[in-house]
Amino acid sequence: MQVLGRAVKQAQYRQHRALDSALGEVGTTLAQWDALRAISGRPGASARELAAVTFQSEQAFGALVGRLAAQGLVERRPGHGRRIEHRLTPTGEQTLAAGHQVSQKVLEECFSPLPSADRATLLGLLRQLNEEAPPSPA
């Protein structure tokens, strides 16, 4: 089981390094691009919601979104109560789109050793594991 766990982690680490390096060419990092993806997919979401879907603490996500706002990629607005809502700016949308192009190429390279049928099987198995995983703390 340890060998299996390490192999999954090794594949993830290799993919993350390749993505982070390639995303640097379009002026972003993997963490930033992931935050942009989350905000784009959940316009108006709170920092708590966005932190959970990006696998970060609220504090880490808050610092990251502060940097994104300073770069003009994200805007934050008051929401209901103490809630702060997040939305992409037009520049953030452009950065997100550039990141999508880069990530598509990188991921195709990362998974190229596997035939299409094996990629589909792997995806199915990972989805099965993730459905049975305990929910992440909110």
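1. A residue is called buried when its relative accessible area is under 20%, exposed when over 50%, and partly exposed in between, as judged with a 1.4 Å probe on protein chains only. T95 has 12% relative accessibility and therefore counts as buried. The residue lies in helix α5, where helices (H or I, at least four residues) and strands (E, at least two) are DSSP runs numbered from the N terminus.

2. This is a predicted model, in which local features need pLDDT of at least 70 and side-chain atom pairs count only at pLDDT 80 or more, while totals for chains, interfaces and linings use all residues. Residues are numbered from 1 along each chain as its sequence is written, and side-chain values use heavy atoms, with hydrogens and water left out.

3. The UniProt record, an unreviewed entry, places the feature "domain: HTH marR-type" at residues 1–131; such annotations may be inferred rather than shown by experiment. That span is 70% helix and 8% strand, and its end C-alpha atoms lie 19 Å apart.

4. Which residues touch the most other members of the largest nonpolar core? A nonpolar core is a set of buried Ala, Val, Leu, Ile, Met, Phe, Trp, Tyr and Cys residues joined through side-chain atoms within 4.5 Å, and among the 23 residues of this one the answer is L36, I39, F61, L68 and V74. At least two core residues come from each of α1 (2–24), α2 (30–41), α3 (47–53), α4 (58–70) and α5 (90–110), with α2 giving the most, namely six residues.

5. Contact means heavy atoms within 4.5 Å, and, leaving aside neighbours within four places in sequence, L68 is in contact with Q32, A35, L36, L73 and V74. On the same terms, not counting residues up to four places away in sequence, T95 touches T28, W33, L36 and L73.
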